[in-house]
Amino acid sequence: MKNKVMENFIDNNYNCCQAIVCAYCEELGLSEYVAFKLTEGFDSGMGGLRDTCGAVTGMFLVISLANSAGDKYLPLKSKFDTYNKFQEVAKLFKEKCGSIYCRDLKNMEKNKILSCEDCVQVADEILKKHYFK
């Protein structure tokens, strides 16, 4: 049986970022409709720019939503803790996949190193293991 992330990615044709963020909407108290719209351009390395992988961006968004104190009067309250969590998951993703950048993961000039499906699975595994046990 597929989990929600893979169902979103494979069956529903969500992009990498949408597949991750939309799968965690219930835990985050976020409308899937809003999450879907918000993450539309965060694919193919940030809108086709081949920069940060959409699955990694999805992890970052989920962590930010889960970790933020949400205090606009004390914006530094959780900011650096969130930065630390980003750095931690980026390191884990890079250790597993070799890079956090779409251009490296897809090796656009040569052959694919990893599929988008692989990247989405790794991002979901990291979130489940470290943040949503």
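**Salt bridges in a predicted model**

The structure holds four salt bridges, a salt bridge being a side-chain nitrogen of Lys or Arg within 4 Å of a carboxyl oxygen of Asp or Glu. This is a predicted model, in which local features need pLDDT of at least 70, side-chain atom pairs count only at pLDDT 80 or more, and totals for chains, interfaces and linings use all residues. Residues are numbered from 1 along each chain as its sequence is written, and side-chain values use heavy atoms, with hydrogens and water left out.

Student: How many residues apart are Lys 85 and Asp 81 in helix α6?

Tutor: Lys 85 forms a salt bridge with Asp 81, with 3.5 Å between the closest N and O atoms. Helices here are DSSP runs (H or I, at least four residues), numbered from the N terminus. Helix α6 covers residues 79-97 and contains both partners, about one turn from each other, so the spacing is four residues.

Student: Are Glu 95 and Lys 91 buried or exposed?

Tutor: The side chains of Glu 95 and Lys 91 form a salt bridge at 3.9 Å, N to O. Buried means under 20% relative accessible area, exposed over 50%, and partly exposed in between (1.4 Å probe, protein chains only). By these cut-offs, both Glu 95 and Lys 91 are exposed.

Student: Why does Asp 124 count as buried?

Tutor: Asp 124 meets Lys 128 in a salt bridge of 2.6 Å, N to O, and both lie in helix α8 (residues 116-130). Lys 128 is partly exposed, because its relative accessibility is 37%. Asp 124 is buried because its relative accessible area is 3%.

Definitions and conventions. Helices (H or I, at least four residues) and strands (E, at least two) are DSSP runs, numbered from the N terminus.
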